Amino acid sequence: MEKKERASWGSRSTFILAAIGSAVGLGNAWRFPGLAAKFGGGAFLLVYVIAMLVIGVPLLAMEVSLGRHAHKGAPGAMKSMRKGAEWVGWAATSNAFFIATYYAVVFAWVLLMFGLSFKFAGMTGNSAAASTLFTDTIQTTGEVKDFGIPPILIGVLVIAWILIYLCIRNGAHSVGKVVKYTVFAPVICLLIMAIKGVTMPGAMAGMAKLFIPDFEALKNPSLWVAAISQVFYSMSIMMAIMIAYGSYLDDTSSIASDVMIIAFSDLAVSVLSGIVMFTTMYGVGMTTDNMSESGIGTAFMIYPTAIVNLTGTGWINALFGGIFYLCLITLAIDSAFSIVEGVSTAISDKFKLNPKRTTLVVCLIAAAISVLYITRAGLAILDIVDHWCNDFSMILIGVLECIVVGWLFKPKKVLEEANLNNKKFKMPTWWFVTSIKFIAPLSLAGFFVWNFINYAKENIEKGKLAFVYGYNTKVEVIFGWSVTLICFLSGLVVFLIDRARKKKGKVDDVKTWDEYTAINDANRERLLKEEK
């Protein structure tokens with residue numbers, strides 16, 4: 001049997017840390033608390049946990065299993081199940097590429113705010129100055145008109161991309177070295193801030209808001225949509241990442257139990273972030289009523305007002321501001337480089353390219369595009385691209401992945417892969433198959449329709465034809481519709497390239513699922529013998 005030569009994780013713990021690092025990102029630190037504040041606190045948390053168990057865990061197990069079985073990125077893994085499904089993997093990869101272009105900019109903004117946190121020392125009690133520190137520095141206009149670039153942003157963007165490349169330049173090997181530090185660092189920072197938060201007057205009111213459910217809020221369908229969507233965003237699924245990370249697993253790894261560890265670790269950081277946000281806001285005499293599901297608004301405009309009111313001593317406020325943004329840096333970098341890794345893995349696998357060079361080229365191209373977001377119009381452009389990548393493209397990709405696995409293939413075979421090597425815990429068939437075939441695709445499809453109707457309704461009321469509130473049709477076609485179109489046409493482009501390569505005698509090395517099963521079984525036996 002053929003032995004697959006491929007980079008692999010150094011240990012089980014390295015994979016788990018890398019996956020947790022990817023899943024635990026800025027969405028945990030700011031989007032989760034913002035949604036909890038908006039939708040009844042404990043009620044949102046309750047629905048989130050249900051959605052995570054019913055939908056999130058099975059989808060995460062599915063993607064990791066697909067990657068390990070084929071030892072390929074998203075396109076190759078999808079093709080191993082059904083030849084015509086490769087384009088679904090390329091849609092996920094392309095969408096991830098667009099997300100990487102602006103996620104790196106958000107990472108750069110976090111680096112900037114960390115560097116500016118010393119200014120909080122001179123803003124004690126001055127909420128107005130703190131709330132505008134970010135927008136004044138990036139000089140945003142909020143409109144897609146001014147493409148001037150503040151010089152300071154060029155420097156932090158370059159730093160951001162250099163850090164991303166350095167973390168993934170050697171694939172699983174370099175990622176494994178980085179996550180040993182970056183996964184634990186934000187937890188330490190969050191714990192420091194949580195201790196400060198819970199010791200402040202009024203903090204218990206914040207804790208009650210976060211953990212005690214407002215059962216009336218459960219009647220609001222928007223809460224359920226928001227909780228389900230947060231599960232998808234938070235666990236790094238449907239972005240080619242977990243398939244790529246799974247492809248670096250050896251054939252003796254235990255996916256089902258590892259996925260549970262990853263999912264509950266992700267939940268724990270979200271809850272810890274909620275504790276920090278809620279106790280701090282209530283502790284300084286504010287409420288969470290003005291918190292937004294927009295992470296940028298919460299982290300860069302609202303939370304700074306709490307920072308400058310933490311104490312009457314400026315340097316202490318600045319210190320806690322620095323700790324907060326350091327926490328965001330460590331959260332952001334793991335997610336940022338994991339997105340790029342998913343893209344790089346798919347391309348290098350498909351075209352048999354040098355992984356390190358492929359990663360460098362992907363970073364350079366993405367970095368060039370990301371310059372668009374640091375212009376004064378960048379915040380508005382990012383808003384459009386983010387909405388389309390997450391609220392439309394990603395959701396459709398999730399539906400398609402579930403259709404391929406659940407209906408065009410055999411989900412029980414994928415479940416067998418997830419349960420291999422697991423002695424103490426095996427994911428039940430009724431849980432996995434029911435979710436992949438019915439609950440997940442129906443939830444995703446419903447979420448897509450919900451978003452489409454809501455955006456259309458808002459714009460029709462304003463006499464617009466766009467689907468993100470506040471922007472004209474021309475701008476949205478350029479930065480919204482076109483992005484989604486490129487994602488779903490990328491598979492066609494690869495197909496045409498493939499056809500040209502075949503005429504030159506170059507053959508794709510992707511095998512069928514059953515062929516990979518035979519290869520993996522042989523490798524598993526060999527590895528077990530070597531261990532003995």
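Lys 72 counts as buried, at 10% relative accessibility (buried is under 20% relative accessible area, exposed over 50%, partly exposed in between, with a 1.4 Å probe and protein chains only). This is a predicted model: local features need pLDDT of at least 70, side-chain atom pairs count only at pLDDT 80 or more, and totals for chains, interfaces and linings use all residues. Residues are numbered from 1 along each chain as its sequence is written, and side-chain values use heavy atoms, with hydrogens and water left out. Lys 72 forms a salt bridge with Asp 509 and also lines the largest cavity.

**Salt bridges**

- A salt bridge here is a side-chain nitrogen of Lys or Arg within 4 Å of a carboxyl oxygen of Asp or Glu.
- By this rule the count is 12 salt bridges.
- In the pair Lys 72 and Asp 509, the closest N and O atoms are 3.1 Å apart.
- Lys 72 sits in the loop between H3 and H4, and Asp 509 in the loop between helix H20 (473-503) and helix H21 (513-531), so the pair ties together parts 437 residues apart in sequence.
- Helices (H or I, at least four residues) and strands (E, at least two) are DSSP runs, numbered from the N terminus.
- Asp 509 is partly exposed, with a relative accessible area of 29%.
- Arg 68 and Glu 417 form another salt bridge, their closest N and O atoms being 2.8 Å apart.
- Arg 68 belongs to helix H3 (residues 42-70) and Glu 417 to helix H18 (residues 411-419), so this pair ties together parts that are 349 residues apart in sequence.
- Arg 68 counts as buried at 0% relative accessibility, and Glu 417 counts as buried at 4%.
- Arg 524 and Asp 521 meet through their side chains in a salt bridge, at 2.9 Å from N to O.
- Both Arg 524 and Asp 521 lie in helix H21, three residues apart, about one turn of the helix.
- Arg 524 is buried, at 8% relative accessible area, whereas Asp 521 is partly exposed at 34%.
- A network of salt bridges links Lys 79, Glu 86, Lys 350, Asp 498, Arg 501 and Asp 508.

**Largest cavity**

- A cavity is a set of points, on a 1 Å grid over the protein atoms alone, where a 1.4 Å probe fits but cannot get out; lining residues have an atom within 4 Å of a point.
- Grid points are joined across faces, edges and corners, and a volume is the space filled by probe spheres set on the points.
- The whole structure holds four cavities of 30 Å³ or more.
- Helix H4 (74-81) and helix H15 (314-351) each supply at least two of the lining residues.
- H15 gives the largest share, three residues.
- By class, the lining of the largest cavity has three nonpolar, two polar and six charged residues.
- Ala, Val, Leu, Ile, Met, Phe, Trp, Tyr, Cys and Pro count as nonpolar, Asp, Glu, Lys and Arg as charged, and the others, Gly among them, as polar.

**Second largest cavity**

- The second largest cavity has a volume of about 50 Å³.
- Met 193, Lys 196, Thr 280, Tyr 303, Ile 307, Leu 310 and Phe 320 form its lining.
- Helix H9 (184-198) and helix H14 (295-307) are the elements that give two or more residues to this lining.
- The lining of the second largest cavity divides into five nonpolar, one polar and one charged residues.

**A buried charge without a partner**

- Asp 334 is in helix H15.
- Asp 334 is buried yet has no salt bridge; the nearest side chain of opposite charge, Arg 169, is 13 Å away.
- For charge, Lys and Arg count as positive and Asp and Glu as negative; His and the chain ends are not counted.
- The side chain of Asp 334 makes a polar contact with the side chain of Thr 182, at 2.7 Å.
- A polar contact is a pair of N or O atoms within 3.5 Å; within protein, one must be able to donate a hydrogen and the other to accept it, and residues adjacent in sequence count only if both atoms are side-chain atoms.

**Positive phi**

- Ala 240 has a phi near 70°, a positive value in a residue other than glycine.
- Ala 240 lies in the loop between helix H11 (221-234) and helix H12 (241-247), and is buried at 1% relative accessible area.
- Asn 421, also not a glycine, has a positive phi of about 70°.
- Asn 421 is in the loop between H18 and helix H19 (429-461), and counts as partly exposed at 32% relative accessibility.

Note on methods:
On a 1 Å grid over the protein atoms alone, a cavity is a set of points where a 1.4 Å probe fits but cannot get out, and a pocket is an open set with protein on both sides within 12 Å along at least five of seven lines; lining residues have an atom within 4 Å of a point.
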